Amino acid sequence: MKLLFVNGCVRENSRTLELARHLLTLLSADLAGSGDFIESSPLVVEELDLATLNLTGHSRKSLVERDKLLQNRDFHHEMFDYAHQFASADVIVVAAPYWDLSFPAIVKTYIENICVSGITFDYEGAAPVGMCRAKKLYYVTSAGGPIFCDYGYSYWEGLCKSFFGIEETCCIKAERLDMMAPEQVAQELRRVKDEMKL
């Protein structure tokens, strides 16, 4: 069983990351104790720290190569490694702070790398069909102010349900943290952690 953690937190002392780490602890304990967990298939947690990876978006040159590979249904090139990893995960956690109504640019770059027809989704006629193994994706975020238009979570939710075939998504969030005193921030983070549902 594979749990994939996509860490899109840029700051070292990220409050989003603090929440995500707590969720990962809960999930790891839950998955290890579930009926689906068997000794021959131990729980594996894979983490991608996007801020440390050399991720790039598509360029004119890379798109030519990518299109040629896709046309030949050749998915062995390393440019498809992240898509294969995402598609094969059993549970996925994405952590991304609330920036500019959505998430940091590195998260969008990661999405460009995993949206591959033939790996994470395919088409039957004009309709996309999901090819991902995961049944649930958790999205963790936090904000200094109010989250009034969350295009970050809604974007992931749309991808999961319309393309990836991931049936369930869940948003875990803490907001208005920069509008609180330090002790209130700690209390709010604790409240969000205590209310996490798997």
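This is a predicted model: local features need pLDDT of at least 70, side-chain atom pairs count only at pLDDT 80 or more; totals for chains, interfaces and linings use all residues.
The expected span of a helix is 1.5 Å times one less than its number of residues. Helix α1 runs over residues 15–32, which makes 18 residues. From its first C-alpha to its last it reaches 26 Å, close to the 26 Å expected at 1.5 Å a residue.

Which residues of α1 are buried? They are T16, L17, L19, A20, L23, L24, L27 and L31. Looking down the axis of α1, you will find these buried residues within an arc of 150°, so they line one face of the helix. T25 and A29, on the other side of α1, are exposed.

What do the buried residues of α1 pack against? Their partners are the strands β1 (2–7), β3 (91–95), β6 (136–142) and β7 (168–174), together with helix α6 (182–194).

## A residue in α6

Helix α6, one of those packing partners, is also where E188 is found. Is E188 buried or exposed? Its relative accessible area is 16%; buried means under 20%, so E188 counts as buried.

Leaving aside residues up to four places away in sequence, E188 touches L177 and M180. As for R21, E188 lies 167 residues from it in sequence and 16 Å from it in space, C-alpha to C-alpha.

Definitions and conventions. Residues are numbered from 1 along each chain as its sequence is written. Side-chain values use heavy atoms; hydrogens and water are left out. Helices (H or I, at least four residues) and strands (E, at least two) are DSSP runs, numbered from the N terminus. Buried means under 20% relative accessible area, exposed over 50%, partly exposed in between (1.4 Å probe, protein chains only). The arc is that of the directions from the helix axis to the C-beta atoms. Contact means heavy atoms within 4.5 Å.
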